[in-house]
Amino acid sequence: MLSAARWRVGLEALLLCGFRPFFLVAAAWGALALAVWLAALSGAPLLSWVPGGLLLWHAHEMVLGFGVAALLGFLLTAVPEFTGSAAVPRGWTAALSALWLVARIGGLFGGAPGAWLVALAETTLLAGALAVAAPRLWGDPERRHLAFLWGLAALLGCVLGYHAAVLGGGAPLPWLYAAVGVLMALIVVALSRISMRVVNAALEERGDGAQEYLARPPRRNLAIFCIALHTAVELAGATLGAPAAPVAGWIALAAAAALFNLGNDWHLGRVLFARWVLPLYLVYVLMALGYLLLGAASLGFALPLSAGRHVLMVGGMGLSIYVVLNIAGRIHAGVQPESGPWVPWAVALLVTATVLRAAAGFAPGWAPVLWVASGGLWIGVFTVHFARAWPLLSRPRADGQSGCAGVAEDAPAAR
Amino acid sequence: MNAAVRWLAGLPAYLWSGWGAVASLLLCLALWEWLAGFYGELILPDPRAALSTLAGLLAGGGAWSELGITARRALAGFVLALAAGSALGLAAGLSMTAAMMSRPVVTVLIGTPPIAWLVLALLWFGAGDGTPVFTVFVAAFPVIFVGAMQGARTVDGQLAELAAAYRLPARMRLTDVYLPHVLSYLFPAWITALGISWKVVVMAELLATSDGVGAALAVTRSHLDTAATLAWILAVVGTLLAVEYLLLEPLKRAVERWRSTT
């Protein structure tokens, strides 16, 4: 009886706010799915039956498993806050989490039933997320956050295309590459909101009231436009057979330049090196480098495209997700972000993992070693994060507030 | 000294702000690459072919001397136009009568196509430096002249009277009242004229000389070498962009800052 009651309390705590289940499974699955992949690469006879092969499973789980979990956790929490609308009901959070879980389990089954299960679960998951987000984003009188809506819709399109290709015998990978592009654009949209608070708070903390950080829309829109165009051209090239590689290459270089251009908003002096500012800035730098490598590879440099893609994924997506897990994942549980030394270390380790994974593209002879080294750092960072976040997110809030409410004004500063 | 230090300190931020321009130029290259996919190598080679041809030309060393010759002619014509246009324009602006008299002349000068001047110059100066320099001068002069004249005409009369009433020293009157205002007209005119010079000189060389970028373009045209033609065009446009963004734009900003602080 006691244990059933404890279960209930735990489950209620987990479903208190959308980010809780999704941020936890993102960290856990980010580490676990990559460990499985590395073990299989090293020759362990794992998951040899998954549809489409293990490479496709790895790509799918990292983009639509890990990436989408973090994205949904962020949106379920941020959209009601940004739009001042009602919190997402607990039932929705539970249903969406269950769908996500079903999609992961389905991915482990072989054959057509597994593929259909994943397809149904994943499509319903994103359609459900749209159903939650659309009325809130559209109902906002100023409609300032519609970019999230378009991003979610585009992601749903990628998921549909992916599963149509898997079930119909087409090429599914281009749809995952397109999903990466959509996630990159969504990261720019989300970071522009997050950075406004983080950088200005850091400026205030430094007593630098004269400066103000502004994520300027024209610069952001140029970056989003370049990323979206690159995604569309690459996808059109792969699915329609248009000779797109060099065209996409130039656009990738343009996206890199447009992302570097975002740095102009950030160059406000030493505040750039503040604890939460530098990691966010590094996200843009790594994304720019990722597009730079992608562009160079598409234009004929002897470099695999996967090097650039992994800089986007490990660096751009991994680092931004890690930072969001650490900021939003604590503030909305009623505690301040950590001030200890672990987070800077983890950021450094993720950047190192990105560099190592990119290096594997330059030194094919060393690739297996570099994959394991890079993956090991990634697994370590997200495992430790999960271990540290679990006690906070699986228990009821200790500050007396409910739902997704932020840190109370009079709360004591973090350790 | 202070200005130089400030300029140097602002340089990284200024250069970094160029990424947006780089992004839109790269998008143009993507468009070019896309169009090149529809046409053959002969009609429109892709940007990579043009860029590698340009790299070959630059590495061979020949391109630098051609660019140098073209730059010399363009700058010679531009400097002559700058000196004559600014001086005469300011002088014309000081007198209502002179302004009235010069207006139709300037209209004629602006209206005459540079190619007409080029034919005349060929008859007068023959093949050599004289023809492109003269054509550049004639094309750039009216633009600078009009800018200078308007600058001089529109000086705030009340401000000038005030300066006279307070017996401002002549030097102060010049640097604080007249010069900032006149420069705000002159500077854009100079920049426009420099762009015109660079374009006109290539055209003049194409028809009139045996060396310089324009002559090189004539050769690539006769060889039907589209890649090399595009490479030379890239060289010309690249030089213009470099001069515009690395030299003139920072100068313009410095002048504007000076204006806003006075």
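Let me start with the interface: 16 residues of chain B are in contact with 18 residues of chain A. This is a predicted model, so please take everything I say today as describing a prediction. On the chain B side, two helices each supply at least two of the touching residues, namely α1, residues 2–16, and α2, residues 19–36. Helix α2(B) gives the most to that side, with 10 residues. By residue type, the side of chain B that touches chain A has 10 nonpolar, three polar and three charged residues.

Now chain B as a whole. DSSP gives 11 helices and zero strands. The C-alpha atoms of chain B fill a box of roughly 70 × 50 × 30 Å along the principal axes. Chain B has 262 residues, and 33% of them count as buried. Taking the contacts in chain B with a separation of 6 or more, 75% are between residues 24 or more positions apart.

Next, the annotation. An unreviewed UniProt entry lists "transmembrane region" for residues 16–37, 75–94, 106–127, 133–152, 177–198 and 229–248 of chain B. I looked at two of these spans in the model. Residues 106–127 of chain B are 82% helix and 0% strand, with the end C-alpha atoms 27 Å apart. The unreviewed entry also carries "domain: ABC transmembrane type-1", covering residues 67–252 of chain B. In the model that span is 89% helix and 0% strand, and its end C-alpha atoms lie 25 Å apart.

On to one helix pair within chain B. At what angle do α4(B) and α5(B) pack? The angle between helix α4, residues 62–94, and helix α5, residues 96–111, is about 125 degrees, and the axes are 5 Å apart. That value makes α4(B) oblique to α5(B). From α4(B), the contact uses A91(B), A92(B) and G93(B). From α5(B), it uses A98(B), A99(B) and S102(B). The residues of this contact divide into four nonpolar, two polar and no charged.

Now the nonpolar cores. The largest has 145 residues, and the members that touch the most other members are A179(A), I251(A), A254(A), A255(A) and L259(A). Which helix supplies the largest share of this core? Helix α7 of chain A, residues 173–205, does, with 20 residues. To take one member, L259(A) touches A223(A), Y284(A), M287(A), A288(A) and Y291(A), leaving out residues up to four places away in sequence. Apart from that core lies another, of 51 residues, with A74(B), V146(B), V200(B) and A235(B) among them.

One residue in chain B I would like to go through is T53(B), which lies in helix α3, residues 47–60. Is T53(B) buried or exposed? T53(B) counts as buried because there are 21 C-beta neighbours inside 10 Å, and the cut-off for buried is 20 or more. Leaving out residues up to four places away in sequence, T53(B) touches A227(B), A228(B) and A231(B). The C-alpha atoms of T53(B) and T229(B) are separated by 9.4 Å, although the two residues are 176 residues apart along the chain.

Last, two backbone points. Most residues other than glycine have a negative phi. Which phi does R143(A) have? R143(A) is not a glycine, yet its phi is positive, about 50 degrees. R143(A) sits in the loop of chain A between α5, residues 111–139, and α6, residues 146–168. R143(A) is exposed, because 11 other C-beta atoms lie within 10 Å, and exposed means 12 or fewer.

The second case is in chain B. L224(B) also is not a glycine and has a positive phi, of about 55 degrees. The loop that holds L224(B) runs between α10, residues 213–222, and α11, residues 226–261, of chain B. L224(B) has 9 other C-beta atoms within 10 Å and is therefore exposed.

Notes
Residues are numbered from 1 along each chain as its sequence is written. Chains are lettered from A and ligands numbered from 1 in the order in which they are written. This is a predicted model: local features need pLDDT of at least 70, side-chain atom pairs count only at pLDDT 80 or more; totals for chains, interfaces and linings use all residues. UniProt positions are given in the numbering used here, feature names are shortened, and annotations may be inferred rather than shown by experiment. Helices (H or I, at least four residues) and strands (E, at least two) are DSSP runs, numbered from the N terminus. Two residues are in contact if their C-beta atoms, placed from the backbone, lie within 7 Å. Ala, Val, Leu, Ile, Met, Phe, Trp, Tyr, Cys and Pro count as nonpolar, Asp, Glu, Lys and Arg as charged, and the others, Gly among them, as polar. Axes are lines fitted to C-alpha atoms, for helices over the stretch in contact, and angles run from 0 to 180 degrees between N-to-C directions. Angles under 35 degrees count as roughly parallel, over 145 as roughly antiparallel, 65 to 115 as roughly perpendicular and the rest as oblique. A nonpolar core is a set of buried Ala, Val, Leu, Ile, Met, Phe, Trp, Tyr and Cys residues joined through C-beta atoms within 7 Å.
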